[in-house]
Amino acid sequence: MANTQIPRSNSSCEISRNESSTKKRRMGSGSGSGSGSGSVESLVQLPTALLATIMTKLDISSICLLAITCKTLNSCASSVLSFLQSFHILDLSLSKQLIEPLLPPNPCLRSLKLDCGQLDDSSIELLLKPSLQELCLHNCTYFSGRLLSEIGSRCKDLRSLYLGSAAKESVSAIDLSDVEELLCGCTQLEALSLMLDISGFLRHNFVSTWALASEKLTCLEIGYIPSITVSELLSPNVGPLQGSNQIRPSILPAIQKLSLSVDYITDSMVSTISKGLISLTDLALRDAPLREPGVTFDLTNSGLQHINQHGKLKHLSLVRSQEFLITYFKRVNDLGFLIMADKCAKMESICLGGFCRVTETGFKTILHSCSHLCKLKVSHGSQLTDLVFHDIAATSLSLTDVSLRWCNLLTNNAIKNLVCNMALEVLDLRDCKNLGDEALQAITCLHRLKTLQLDGSNITDEGIAYLRHGTIYSLISLSVRGCKQLTDKCISALFDGSSKLELQKLNLSNLPNLTDNGVLTLAKSQVAISELRMRHCPNIGDASVVALSSMQVDGRGPGSSLRLLDLYNSSGITQVSFQWLKKPYFPKLRWLGLTGSIHRYIIDILARSRPFLHVSSCGEQLGTDWWNKLEGSYVQ
């Protein structure tokens, strides 16, 4: 088997070089000598086969970390990379030069997942291995349509394909022939996600091209597609010369999961999908109108009656985004929900956004009809009131994921009733402005809660303290962005003396009363926070950066746990902070948000000195979670 040695200086092993410096010191601390090599020497005495087996259990970053400790482990890592079955790096955007040593010839490689932000067509041969069965390429901005055609010709055994933001910045756009070659070549494809805008293709040609798709294709996601094209693509066709009543099945009859972002969700499109896809179990439709839709290009009560005609639907999402225009589903009311509820008995998750004329009567009917419901998400429910949850305890529901965004009529009483679902793991109450401390007091009984989002609510420091009664010990993610009444005391209430917390993600943005003293308390707690957001905090300054850079978790290096730090538009940050953002501080940091207009030159120097750190100075949201959501809801 070919054995490609990983370079120890100018290579992708530098992904973890900063992280490794502390580990190498710790590995050598038990040797009792100044060489710092005792533990490494003990490790390399293990049989090579055993070392290789151990390495196959690690992620790519950890393998690289081991590779730079000594020649023996470097050689072993190089060998392991030639027979790994999975290669996943999504938190870094690597150049071709850096990723090439990590992707040697490997006939065993089955799954490849990458952020391709620095790659283009010159990397196609490197990435597309014939053995691949799963290929997930995010941020394919600089690739041309050739990527699609080459996947079709090189990856014949592919089962799952995800392409994010393909050809958005490429000089050569995607041609329909590229899609044809992809569909013709990948005859085993079962799941396909194309996060691109296909509105430029001629409708007739695009529809006929999909007749080439794999008969095994059961999951389809498209970034942006006009609703008219959807109707033509999925509508059953009348068979020629077979009589007017002879119906042929849809081009994609095996589809079970369909996710589309369209210009308008219409009655016609919903009806076509429901009739044509007889095996449909998951349906997610999202639109973002550029202008107020007329009755022909809108969803009405009539369209909702076509939902789940074959009775197999378990997951439904109908969302009208307000990305370009403040608009709603104004032609749907309680009657439409009453009609739809009759067909919702087996549904496990429902996501409804923009139904401004549906009252508690309609939403309550849905809740009481879906006895298997685990996930409920409602956004912009402007007439959703506490009465929806008034007698929820009398139902057999066991909700685990609830999101109620921009539902401004909800009060603390709604949450008091909702928490009878003791199995709740996710609770999103962002922009429910009438919620206060009483809601937090009710939430304390949720000992399985992992994600809590309270952005824009009316909570205070005293309310936050209620979380210490139990909920805080299960939380992994907490967001209190824009809760204007919170001060430094909320940090003390949460973290003072609580180093054993599981919390990893914390959003403290838009808190005008948060100061460096609060961040100092957080740093002293030694909680292993990996993502910390403090944008638009006017009283956060250099002292916060110094405190975070010195924070140690479990005796590891300074600032060791943070992977994301967002300080955008925190006006107290000066160029003094930049010396604490350099190596060796924050060794795991991958995303950093700052205000670039103030220190543009220094930011550029910082970005060049830390090539694996994504430095944002324009205010965009950071992290892989964010761009995953963007690509999952791609609009024109």
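**A walk through the predicted model**

Q485 sits in the loop between β17 (477-479) and α19 (489-495). Helices (H or I, at least four residues) and strands (E, at least two) are DSSP runs, numbered from the N terminus. This is a predicted model: local features need pLDDT of at least 70, side-chain atom pairs count only at pLDDT 80 or more, and totals for chains, interfaces and linings use all residues. Residues are numbered from 1 along each chain as its sequence is written, and side-chain values use heavy atoms, with hydrogens and water left out.

Stay with Q485 for a moment. Leaving out residues up to four places away in sequence, Q485 touches N458, I459, T460 and D461. Contact here means heavy atoms within 4.5 Å. With N458 there is also a polar contact, side chain to side chain, at 2.5 Å. A polar contact is a pair of N or O atoms within 3.5 Å; within protein, one must be able to donate a hydrogen and the other to accept it, and residues adjacent in sequence count only if both atoms are side-chain atoms. N513 lies 28 residues from Q485 along the chain, and their C-alpha atoms are separated by 7.5 Å.

Now step back to the whole chain. It has 23 helices and 22 strands. Of its 636 residues, 54% count as buried. Among contacts with a separation of 6 or more, 75% join residues 24 or more positions apart.

D566 is found in strand β20 (residues 564-566). Its relative accessible area is 0%, so D566 is buried. Its side chain makes a polar contact with the side chain of R535, at 2.8 Å. Setting aside neighbours within four places in sequence, D566 is in contact with L532, R533, M534, R535, G593 and L622.

Next comes α15 (360-369). Its residues G362, F363, I366 and L367 are buried. Seen down the axis of α15, these buried residues fall within an arc of 135°, so they line one face of the helix. The arc is that of the directions from the helix axis to the C-beta atoms. The buried residues of α15 pack against α14 (334-341), β12 (349-353) and β13.

What about empty space? Rolling a probe the size of a water molecule over the atoms shows where empty space is left. On a 1 Å grid over the protein atoms alone, a cavity is a set of points where a 1.4 Å probe fits but cannot get out; lining residues have an atom within 4 Å of a point. Grid points are joined across faces, edges and corners, and a volume is the space filled by probe spheres set on the points. The count comes to 3 cavities of 30 Å³ or more.

The largest cavity holds about 80 Å³. Its lining includes S274, L277, H310 and K312. That lining divides into 6 nonpolar, 5 polar and 1 charged. Ala, Val, Leu, Ile, Met, Phe, Trp, Tyr, Cys and Pro count as nonpolar, Asp, Glu, Lys and Arg as charged, and the others, Gly among them, as polar.

The second largest cavity holds about 50 Å³. Among its lining residues are L352, F363, I366, L367 and V378. Two or more residues each come from α15 and β13 (375-379). The largest share, 3 residues, comes from α15. Which kinds of residue make up this lining? There are 10 nonpolar, no polar and no charged.

Terms used
Buried < 20%, exposed > 50% of the residue type's maximum accessible area, 1.4 Å probe, protein only. 1 Å grid on protein atoms, 1.4 Å probe; cavity = no way out; pocket = protein on both sides within 12 Å on 5 of 7 lines; lining within 4 Å.
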